[in-house]
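Please examine the following model together with its sequence.

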Amino acid sequence: MTTYTYKAFKESRDKIFLVSLVIAFVLYCAFWVTYFASVSGEIRESVVRLHILADSNSQIDQEVKLKVRDALLEKNSELLSGKVTPENAEAYFKNSKDKLEKCANEVLKENGFDYKAKITLGKEYYTTRVYEDLTFPAGTYTSVKVVLGSGEGKNWWCVMFPPLCVPAATGDITTDGTVDLEEYLDEDGKKIVSSKGKFKVGFKVVEIYEKLFK
């Protein structure tokens, strides 16, 4: 084999090796993104969220928003117990809507506000949300939405199922504390939700995908 032929063979072999590496990397990335998106979808299907929107960003409207939150969590124990699941949320809400709105409106009236609360159940899009040790991927979730007045102010949200609303309200959410996520999510879901920022790229990819295609 001449020097030229050997050199050409070596260059061809190196190119094939490099192309193989690139293909392997692309396939790995595609598999990883598919896996992450799939698990994120399972998380969304396993979660019910509570979303409270204030009338405005004024201090008094923001303060009453938190008072409404506290009253809803204190007087409606089923919101906190883990009984409201994605499967029974519609039935629960149908039976509890009037009670929830009455509770919220009593707080508004007691604090001198003339606007009302409107509470609905539906599918709502959230960006990737982080509180304390937990991260929930972007996407559409089953959500109980509490709109105070115009609902144009900053919002407060929590996860009703798994039952994380009280820890969220008190700022005491930890993966080794109040709630054992293994009761509500599979191992992959728990790993992602409690990743503590480990999967930042994955969460960003899912968020971009959801915005583009959902």
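This is a predicted model: local features need pLDDT of at least 70, side-chain atom pairs count only at pLDDT 80 or more; totals for chains, interfaces and linings use all residues.

Phenylalanine 25 counts as exposed because its relative accessibility is 54%, and the cut-off for that class is over 50%. Phenylalanine 25 is found in helix α1, which covers residues 3–45. On the surface, Phe25 forms a nonpolar patch with Leu18, Val22 and Val26. Together, the four residues of this nonpolar patch present about 400 Å² of accessible area.

Helix α1 also holds glutamate 42. With a relative accessibility of 36%, glutamate 42 counts as partly exposed, since that class lies between the limit of 20% for buried residues and the limit of 50% for exposed ones. Glu42 belongs to a surface patch of negative charge, in which it gathers with Glu45, Asp186 and Glu187.

Lysine 118 is placed in strand β2, which comprises residues 117–126. Its relative accessible area is 54%, and lysine 118 is therefore exposed. When neighbours within four places in sequence are set aside, the contacts of lysine 118 are Glu101, Lys145, Val146 and Val147.

Lysine 204 is located in helix α6, spanning residues 200–213. Because its relative accessibility is 48%, lysine 204 counts as partly exposed. The C-alpha atom of lysine 204 lies 7.9 Å from that of threonine 128, although 76 residues separate the two along the chain.

These local descriptions can be set within the whole chain. Six helices and six strands make up the secondary structure of the protein. Their order along the sequence is α-β-α-α-β-β-β-β-β-α-α-α. Among contacts in the protein with a separation of 6 or more, 70% are between residues 24 or more positions apart.

How much of the protein counts as buried? The proportion is 43% of its 214 residues. As for the accessible surface of the protein, the total is about 12500 Å². Carbon and sulfur atoms account for 55% of that surface.

Key
Residues are numbered from 1 along each chain as its sequence is written. Side-chain values use heavy atoms; hydrogens and water are left out. Patches are made of residues with over 30% relative accessible area and no salt bridge: like charges are joined within 9 Å, nonpolar side chains (Val, Leu, Ile, Met, Phe, Trp, Tyr) within 5 Å. Accessible areas come from the Shrake-Rupley method with a 1.4 Å probe; for residues, only the protein chains shown count as cover. A salt bridge is a side-chain nitrogen of Lys or Arg within 4 Å of a carboxyl oxygen of Asp or Glu. Helices (H or I, at least four residues) and strands (E, at least two) are DSSP runs, numbered from the N terminus. Buried means under 20% relative accessible area, exposed over 50%, partly exposed in between (1.4 Å probe, protein chains only). Lys and Arg count as positive and Asp and Glu as negative; His and the chain ends are not counted. The place of a charge is taken as NZ of Lys, CZ of Arg, CG of Asp or CD of Glu. Contact means heavy atoms within 4.5 Å.
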